Amino acid sequence: MRAIRIHETGGPEVMRYEEVALAEPGPGQVRVKVAATGLNYIETYQRTGLYQVPLPFTPGGEFAGTVDALGPDVSGWSVGDRVATASGAGGYAEYALAPADKLVAVPEGIDLSQAAAVMLQGMTAHYLVYSTYPLKAGDTCLIHAAAGGVGLLLTQIASRAGARVIGTAGTAEKAELARAAGASEVILYRDEAFPPRVRELTGGRGVDVVYDSVGKDTWDGSLDCLRPRGMMVSFGNASGPVPPVSPLTLSAKGSIFLTRPTLWHYIATPEELAWRAGDLFSWIASGELGVRVDRSFATADAPAAHIAIQSRATAGKVLLVP
Ligand code: NDP
């Protein structure tokens with residue numbers, strides 16, 4: 001089969017589409033014939049070496065497709081089942097492996113591309129809204145990159161929970177998408193300093209929670225947007241990692257709370273995985289949650305796909321199709 005392989009860390013050009021042996025599923029694993037793979041920022045961090053992965057490797061944790069082979073002792077799945085996962089391995093390929101207990105069944109009515117587009121970013125938006133800082137009606141949140149992959153889903157889910165969403169976006173077109181997703185105000189943070197604007201929009205109080213996926217460039221400003229005892233949720237590094245923080249900063253900014261969550265700790269049990277994926281699929285089926293696929297690339301063109309997301313050119317999801 002053909003797969004993207006990374007033999008050394010570096011720029012997008014280190015990803016090469018090569019012929020590799022078809023892996024046999026081990027104990028507890030399922031092999032999936034990939035229909036679509038979701039592109040995620042984490043793969044850019046793995047490619048550059050910011051997050052270390054043993055070399056060589058094929059990136060891609062999020063994909064949807066049909067079960068092709070079962071490892072020893074695997075029960076509950078059959079060849080041909082339509083499945084999706086955010087916790088697989090080697091998804092930039094025609095076939096990929098996933099732990100059997102990290103697969104979810106894709107219901108009829110949801111196509112496999114939609115499933116691949118929503119597993120990782122959608123479950124992230126779900127845990128941020130329901131578990132990290134459970135939003136309730138009357139809360140106000142600040143969502144950076146509100147027209148991004150996570151951003152558009154997070155904005156919709158936070159609004160659906162009754163919160164007022166203030167978003168940030170890089171362009172007027174992206175701001176429009178964020179508004180359509182439910183943001184009541186969107187700040188063009190490349191043109192205007194966002195902290196004073198957030199203070200103004202909240203009558204000086206500040207927001208209850210900041211969901212910050214941008215990292216280095218927005219960190220200081222985000223802390224200045226919180227109300228006393230508000231929560232800073234730093235969940236990504238699109239502009240680079242946040243430098244080390246002194247606990248005294250949290251005190252000076254209003255006894256604020258800081259968390260740096262990651263999806264894996266929020267889908268660790270079968271119950272949490274089923275809850276989050278089940279909610280997403282039912283909201284998509286009922287039309288309550290829109291999934292915007294910005295564009296799809298052939299898996300062989302993964303380098304161009306990485307360039308697209310890293311150059312801030314996309315709004316919503318990017319898929320790879322074998
Ligand atoms: P996006 O589609 O949101 O792309 C990143 C966006 O960030 C860009 O479109 C851009 O939006 C904004 N941005 C601001 N500054 C920069 C910069 N210097 N370089 C590039 N982009 C910038 O990506 P994802 O939704 O896939 O992921 C967003 C972040 O969330 C990533 O850091 C990712 O790792 C993280 N994440 C974390 C998870 C977790 O569980 N902790 C799970 C999933 C994702 P604009 O043009 O509007 O500024």
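**Close-up 1. The loop that holds S255.** S255 lies in the loop that runs between helix 7 (247–252) and strand 13 (257–259); helices (H or I, at least four residues) and strands (E, at least two) are DSSP runs numbered from the N terminus. The phi angle of S255 is near 50 degrees, a positive value in a residue other than glycine. Most residues other than glycine have a negative phi, and most peptide bonds are trans. The model is predicted: local features need pLDDT of at least 70 and side-chain atom pairs count only at pLDDT 80 or more, whereas totals for chains, interfaces and linings use all residues. Residues are numbered from 1 along each chain as its sequence is written, and side-chain values use heavy atoms, with hydrogens and water left out.

**Close-up 2. The peptide bond between L55 and P56.** L55 and P56 are joined by a cis peptide bond, with omega about -10 degrees. P56 is placed in the loop between helix 1 and strand 4 (63–70).

Close-up 3. A polar contact is a pair of N or O atoms within 3.5 Å. A polar side-chain atom of Y189 lies 2.5 Å from a ligand oxygen atom, and for R312 the corresponding distance from a polar side-chain atom to an oxygen atom of the ligand is 2.6 Å. From G170, a backbone N or O atom lies 2.8 Å from an oxygen atom of the ligand. Of the 900 Å² of accessible area that the ligand has on its own, the protein covers 92% (Shrake-Rupley method, 1.4 Å probe).

**Close-up 4. The shell around the ligand.** The ligand is surrounded by 28 residues, the closest being Y45, Y127, K174, Y189 and R312; a residue counts as near if one of its heavy atoms lies within 4 Å. By class, this shell has 13 nonpolar, 12 polar and three charged residues, where Ala, Val, Leu, Ile, Met, Phe, Trp, Tyr, Cys and Pro count as nonpolar, Asp, Glu, Lys and Arg as charged, and the others, Gly among them, as polar. Helix 2 gives the most to the shell, with four residues. Domain 1 (2–119 + 270–321) and domain 2 (137–260) each supply at least three shell residues, the domain bounds coming from an automatic or database assignment.

Note on methods
Polar contact = N/O pair within 3.5 Å; in protein donor to acceptor, adjacent residues only side chain to side chain.
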